[in-house]
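Please read them with the structure open beside you.

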Amino acid sequence: MTAPDSTLAATTRLPSVRTVLQWVALVFLLVLGVVELLSGPGGLAGTSRAAAAGRSSVEDLARRIGCTADITTDAADLRQGVCTSDGEEIWIATFPTTGAQDAWTSEAKAYGGSYLVGDRWVVVLSDTTTDLLHGLLGGTVVGGVDHTGAHSHTGSG
């Protein structure tokens with residue numbers, strides 16, 4: 001007759017050291033992959049440091065224009081400042097996300113005017129600054145709603 005302990009030992013084999021090390025390595029690589037996916041360059045948890053460093057701040061944009069910005073708003077979804085160049089006030093806004101930028105730009109367009117839109121930044125343009133600022137900063141010129149009352153009407157009545 002066999003002892004119960006020897007039967008139990010035969011049915012519950014312990015994994016070898018090699019198998020344990022393989023599993024530990026697999027779990028370690030899986031954890032590293034998740035960390036990289038979430039926080040690495042372009043990760044899901046936020047903007048990478050490289051991308052954030054490449055984005056322009058209000059102060060950087062003002063420097064490129066040739067003026068010094070006075071910060072007027074410093075909130076989570078908007079950083080805004082104003083500077084003066086050649087007697088013109090220039091309003092500069094930066095945003096943490098393109099969603100915040102799109103929301104701000106959509107609201108601003110309702111007031112009319114022209115806006116120079118870049119990568120998470122917007123500069124409010126005047127008739128005299130459009131060409132100069134577009135040349136200095138790049139971006140895309142976007143027009144707001146026309147409030148002049150001018151419209152075309154065809155027909156007799």
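1. A residue is called buried under 20% relative accessible area, exposed over 50%, and partly exposed in between (1.4 Å probe, protein chains only). By that scale Glu-59 is partly exposed, since its relative accessibility is 26%. The model is a predicted one, in which local features need pLDDT of at least 70 and side-chain atom pairs count only at pLDDT 80 or more, while totals for chains, interfaces and linings use all residues. Residues are numbered from 1 along each chain as its sequence is written, and side-chain values use heavy atoms, with hydrogens and water left out.

2. The count of salt bridges (a side-chain nitrogen of Lys or Arg within 4 Å of a carboxyl oxygen of Asp or Glu) comes to 3. In one of them Arg-79 meets Glu-59 at 2.8 Å, N to O. Because Arg-79 belongs to strand β2 and Glu-59 to helix α4 (residues 58–65), this pair ties together parts that are 20 residues apart in sequence. Helices (H or I, at least four residues) and strands (E, at least two) are DSSP runs, numbered from the N terminus.

3. Arg-79, which is partly exposed at 23% relative accessibility, also forms a salt bridge with Asp-74, at 3.4 Å from N to O.

4. Arg-63 is exposed at 57% relative accessibility, whereas Asp-60 is partly exposed at 28%.

5. A search of the whole structure finds 2 aromatic pairs. Rings of Phe, Tyr and Trp (its six-membered ring) pair if their centres lie within 6.5 Å, and planes under 30 degrees apart count as stacked, over 60 as edge-to-face and the rest as tilted. Phe-95 and Trp-104 form a tilted pair, 5.7 Å centre to centre with 55° between the planes. The pair of Trp-104 and Tyr-115 is edge-to-face, because its planes stand at 85°, with the centres 6.1 Å apart.

6. Phe-95, Trp-104 and Tyr-115 form one aromatic cluster, in which Phe-95 is buried at 4%, Tyr-115 is buried at 6% and Trp-104 is partly exposed at 21%.

7. Two backbone angles deserve a look. Asp-86, in the loop between β2 (79–85) and β3 (88–94), has a positive phi near 50° although it is not a glycine. Arg-120, likewise not a glycine, has a positive phi of about 65°. Asp-86 is exposed at 75%, whereas Arg-120 is buried at 18%.
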